[in-house]
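The structure is shown first, and my notes follow.

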Amino acid sequence: MYGNDFGTPESQQQAAVTGESESFRAVLADDARVEPRDEMPEAYRKTLIRQIAQHAHSEIIGMQPEGNWISRAPSLRRKAILMAKVQDEAGHGLYLYAAAETLGADRADLLDQLHSGRQKYSSIFNYPTLTWADVGAIGWLVDGAAIVNQVPLCRCSYGPYARAMVRVCKEESFHQRQGFEILHHLSQGTPAQKAMAQDAVNRYWWPSLMMFGPPDDDSPNSAQSMAWGIKRFSNDDLRQRFVDMTVLQAEILGLTLPDPEISWNEERGHYDFGDIDFTELFEVIKGHGPCNEQRMAHRVKAHEDGAWVREAAMAHEAKRAARAEGAA
Amino acid sequence: MSTTEWPLWEVFVRSRRGLSHVHAGSLHAPDGEMALRNARDLYTRRQEGVSIWVVRSEDLWASTPDERDSFFDPAIDKIYRHPTFYDVPEGVEHL
């Protein structure tokens, strides 16, 4: 039924809607949760597998920019915190792969799709972490943006995804605070330290705004995802919420957001901000960001280098099972 | 792709003494012992549990949503199982 993608967006939407069973519609109408064994349209299942897998990939790839600083964190305290945070990111990836598997996906296959470039991960992780302050900027801005995105996903219509998000969001708040703390300390330090913090914010501000995706009038799948209760707010609404939160925090940090057009709009009750260069986002997604190749090469190498561990563990279990059988 | 993909396990965590184990999620592991260790690292990094059960996902049997109505309907017409079904005369206490 959904064997091709050559139709117009309208015709695809029509096909998706006609695939909805009574029971599925009733669950959505009640704002209840769809559970793994429930009947669901094939397009809903595919959309979720893609979104959850890409979310999982982002968590796993997201370990790299910060992992880059573990050995050089400026104190034992910072090092312990950063290791705990990177371990959390691995955990978030695993919660999400497990959620995708409840939809019938296979983790090995999803990893394969990541490694061969058929599935994407968040564009933000294709930027380099040049200084220690970047670790702060990632925690404050990147995790801050992720939280704004993820909190509504705790009410996503698909139960296992929503429950994974509850767990993730609880853990994220420490991530954002540790980033804020790093920047706060640097900002109150020597002029060179403050300049380092400002430089990190300058480089991470715009890419963080791009994390919310293309503007609403250029976001082809949004309407269907909203109708299905996968997405609760539009890209632009979430982006605005993030800007509104962040402006005051920047003031307290004593750092400047690199956008001269940021100003309070009394009428809208929101901060206005400058235009985002989305051509950069699309270039990075296409693979032309500063670190795309490096991130993928590292991920593939880690996976391949770990193959013998996975095989040895299985061989050990097979041997143990054979012995148990022999003894019985 | 590796042909030695680790099997899937379901993880149940008891958050504190006196409560039952609750399903937390799933994970891959080569055997039960590793599944327990992985479950500890994945689902109890913040002291969320005092006890963990793991069970191979393929060993779990589940009722099907399609049959939900017929499967559970023996309970529908037995309202006399609830204490509120019975009229209690005025003045009766401790019943």
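I call a crossing left-handed if the near helix is turned anticlockwise from the far one by less than a right angle, and right-handed if clockwise. Helices (H or I, at least four residues) and strands (E, at least two) are DSSP runs, numbered from the N terminus. I note that this is a predicted model, in which local features need pLDDT of at least 70 and side-chain atom pairs count only at pLDDT 80 or more. Residues are numbered from 1 along each chain as its sequence is written, and side-chain values use heavy atoms.

Entry on α6(A) and α13(A). I found that α6(A) passes α13(A) in a left-handed crossing. The axes (lines fitted to C-alpha atoms, for helices over the stretch in contact, with angles from 0 to 180 degrees between N-to-C directions) of α6 (residues 107-115) and α13 (residues 292-305) of chain A come within 10 Å and cross at roughly 145°. Taking contact as heavy atoms within 4.5 Å, I listed A:Leu111, A:Leu114 and A:His115 of α6(A) against A:Met296, A:Arg299, A:Val300 and A:His303 of α13(A).

Entry on α5(A) and α7(A). I found the axes of α5 (residues 76-101) and α7 (residues 132-150) of chain A within 13 Å, crossing at roughly 45°. The crossing is left-handed. From α5(A), A:Arg78, A:Leu82, A:Lys85 and A:Glu89 meet A:Trp132, A:Val135 and A:Asp143 of α7(A).

Entry on confidence. Chain B averages a pLDDT (the predictor's confidence in each residue, from 0 to 100) of 91, and 96% of its residues score at least 70. For the complex, the predictor gives an ipTM of 0.84 and a pTM of 0.90.

Conventions. Chains lettered and ligands numbered in written order.
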